[in-house]
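Reader: Please examine the aromatic side chains closely, with the cut-offs behind each term. I would then like to see how one such part sits among its neighbours.

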Amino acid sequence: MTITTDHPVSLWPAAHAADARRPRSLQTKIGASDTVCARRAGYLLHGRTPTDTGEKRKAILGTWLHEGLLTAARQEYGWIIERRVEDELLRGHIDAVQLDSGTAARLPKRLRPSLPADEITVEDVKTKSLRVWDNVLRRGATEAELRQAYLYADLLSTRGFADIKGQRQLARLGPLPVGKIRFRFLNRDSGDDHVQEIPYGADRGRGARWWVQQVRSAATPEELPRTLDGPGLSSICDNCPYRTACWGPIASGRCPQTILVRDDAERAAALAEYVEVSNEMKPLKDKLKLLRAKLDGTDAGAYGDNVLTWSGGNPTRTDDVDAMATLFRRAGLTVPMSPDVDEMKAQLKRAGIPVPVRLDHERRTSVSINVSVRRNKS
Ligand code: SF4
């Protein structure tokens, strides 16, 4: 079959359509992976219709990578992957559960992992971009990622695997004492991986459960706090399906966060906090400047626990008008002549005539905030 169109067919519409049919898009219970933000979990629980579609290409690539990795782990190591855990309120699919030898022995041979764990481990695989990789190495899982993993571990240790088709044998194991959470981060640009392990105790699961209870007890989603800072400040908000419901339509030229300030009293409080935070940051900024100056010219390389690299400092590209004119002449083309602005300005100045200017509304100066002490309060 020949497809005839002016442009090659994009695969992204097909990818988005397939992604929209994924089981998580149809779930009615709150999913552990939806607990990234209290307000968002509230919208889901109250059955609100999503207001935004958002850019999903990166998320879809992450999902495909994730699936590929887990499938390989199942085929090669016999990992138990993508199994459902649930109760009356919550549902989720655990990326991988590593069973200890005692528990694995209770399964039919074909379901046993090739290498049992020292204790039952709930494993979560996260793909990350190079942009956030340093944060992953320094800080590990975020609060939302921890909450999701604790909820999975809590469901597995209180209920066990869900008793559904395709995992009945696992469900027969009953509640399983989870000993450890393992995050396996994968850098989707370089392929590097990083493992973070956290001992699991029931108190951690209870804390995550309490969070879910707070969300469930709200009468409306609007009662729930926005866990994140909003479009433009959080990439999760930028891609949230409830972005407009949460922050309202974006007014051109205005930050959506302006809705958080409703009157002059709140404006005064925000301004006072701005001054306070600026004052707190000043010594740190000065310290950073000093440290940067001390390191100037240091060779790139590993020093102690950190790796130093330099970027920038390269000449910027600019139009080579002479080379262009030469190319035009060689090709027998007329070299376009434009008024020499610099020369005209110089001539006007020499003649004492003011240089005419007009306002270019397409190009604007950046807006800076300036806050100073109010002197006369009347
Ligand atoms: S836009 Fe951000 S703060 Fe609002 S519901 Fe979505 S994730 Fe939460």
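Author: Trp 79 is buried, at 14% relative accessibility, whereas Tyr 77, at 49%, is partly exposed; buried means under 20% relative accessible area, exposed over 50%, and partly exposed in between, with a 1.4 Å probe and protein chains only. There are four aromatic pairs in the structure. One of them joins Tyr 77 and Trp 79 in a tilted arrangement, 6.4 Å centre to centre with 45° between the planes. Another is the stacked pair of Phe 183 and Phe 185, at 5.8 Å and 15°. Rings of Phe, Tyr and Trp (its six-membered ring) pair if their centres lie within 6.5 Å; planes under 30 degrees apart are stacked, over 60 edge-to-face, and the rest tilted.

The model is predicted: local features need pLDDT of at least 70, side-chain atom pairs pLDDT 80 or more, while totals for chains, interfaces and linings use all residues. Residues are numbered from 1 along each chain as its sequence is written, and side-chain values use heavy atoms, without hydrogens or water.

Phe 183 counts as buried because its relative accessibility is 0%, and Phe 185 is likewise buried at 0%. Strand S5 covers residues 180-187, and seven of its eight residues are buried; a strand is a DSSP run of E with at least two residues, numbered from the N terminus. Strands pair if DSSP finds at least two bridges between them. S5 runs parallel to S4 (residues 121-128), through eight bridges, and antiparallel to S6 (residues 193-199), through seven. Phe 185 stands opposite Lys 126, and its bridge partner in S6 is His 194.

Technical notes: Helix = DSSP H or I, 4+ residues; strand = E, 2+ residues; numbered from the N terminus.
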